[in-house]
Each structure stands twice: as C-alpha cells, then as structure tokens.
Amino acid sequence: MPHFVIDCSKQVIKLETPEKIMQKVYDTAASTGLFAPEDIKVRINPFQYYNIGNTKDDFIHVFANIMQGRNTEQKANLSKQIVTELKSMFSQVPIISINIRDFEIATYCNRNMI
C-alpha cells in the first residue's frame, strides 16, 4: 500500500518509457514522506482504444489508492506534486490528472493478514 495505477493513451509510452513514467510517480510519492518507500506500488495501463470528449487527445490519469488516515491537505499535496512532475515530463500531453481513493483499514485484507 499505496497503489498508483496509471492509465494513459498508448502514445504516451512512445514519448517516455513505461519504466521512466512509473519511476517518476514512485519517486514523487516517496518524496512526500507519506509512505514507506518499500510499500509503494506503481502500474501502468496504456490504452489503444479510448474516447476523450469525442477526441483522441493523449491523456494520463493516475488512480491513487491509499490507506485511510491522511488528511485532505496531505492528499491534495500528493495530487499536485504528481501532476506537476508528469506535466513537466509531458508538456505536450493535454490531459493529466489524478484522483485519490482511501482504502478502509477495517475492510482491507491481503495474503499476509490471513
């Protein structure tokens, strides 16, 4: 925990490698001090087929799934930092966004907890 899942248009991974994109999100999340670096997980899903307001504009959207307990200011800062770094990396991509979802501690389970 946390999980950062990056959805993007396929063209994005032609501009930078998936590894560099994932590392940028990882490094930015780690720099906030909100997470233990060994707990941060990042994945990327490039899409060939998508519709963005009836266009084929390139896009990047990060779904950040984090354990509850961070306040709104911390989450807003995390969002802004990740979008800032991706915007710097991809100045030509018109749509770059993120949303943060909290996992509930009471309902979260993984294999090590069984």
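Here is a short tour, stop by stop.

Before you start: this is a predicted model, where local features need pLDDT of at least 70, side-chain atom pairs count only at pLDDT 80 or more, and totals for chains, interfaces and linings use all residues. Residues are numbered from 1 along each chain as its sequence is written, and side-chain values use heavy atoms, with hydrogens and water left out.

**Stop 1: the helix pair.** Select helix H2 (residues 18-31) and helix H3 (residues 72-89), whose axes come within 9 Å and cross at roughly 145°. Helices (H or I, at least four residues) and strands (E, at least two) are DSSP runs, numbered from the N terminus. The axes are lines fitted to C-alpha atoms, for helices over the stretch in contact, with angles from 0 to 180 degrees between N-to-C directions. Now show side chains: the contact (heavy atoms within 4.5 Å) involves residues including Ile21, Val25 and Ala29 of H2, and Leu78, Ile82 and Leu86 of H3.

**Stop 2: the salt bridges.** There are three in the structure, each a side-chain nitrogen of Lys or Arg within 4 Å of a carboxyl oxygen of Asp or Glu. Next, click Lys20 and Glu16, with their closest N and O atoms 3.8 Å apart. Then go to Lys75 and Asp102, at 2.8 Å; Lys75 belongs to helix H3 and Asp102 to strand E4 (residues 95-103), 27 residues apart. Colour by accessibility here: Lys75 counts as buried at 19% relative accessibility, while Asp102 is partly exposed at 39%. Buried means under 20% relative accessible area, exposed over 50%, and partly exposed in between (1.4 Å probe, protein chains only).

**Stop 3: Ile66.** Select Ile66 in strand E3 (residues 59-67). Buried or exposed? Ile66 counts as buried because its relative accessibility is 0%. Beyond residues up to four places away in sequence, Ile66 touches both Lys75 and Asp102 from the previous stop, and others including Phe35, Ile100 and Phe103.

**Stop 4: Asp7.** Finish in strand E1 (residues 3-9), where you'll find Asp7. Asp7 is buried without a salt bridge, and the nearest side chain of opposite charge, Arg101, is 8.0 Å away. What does the side chain of Asp7 make a polar contact with? Its partner is the side chain of Asn45, at 3.2 Å.

Key
Lys and Arg count as positive and Asp and Glu as negative; His and the chain ends are not counted. A polar contact is a pair of N or O atoms within 3.5 Å; within protein, one must be able to donate a hydrogen and the other to accept it, and residues adjacent in sequence count only if both atoms are side-chain atoms.
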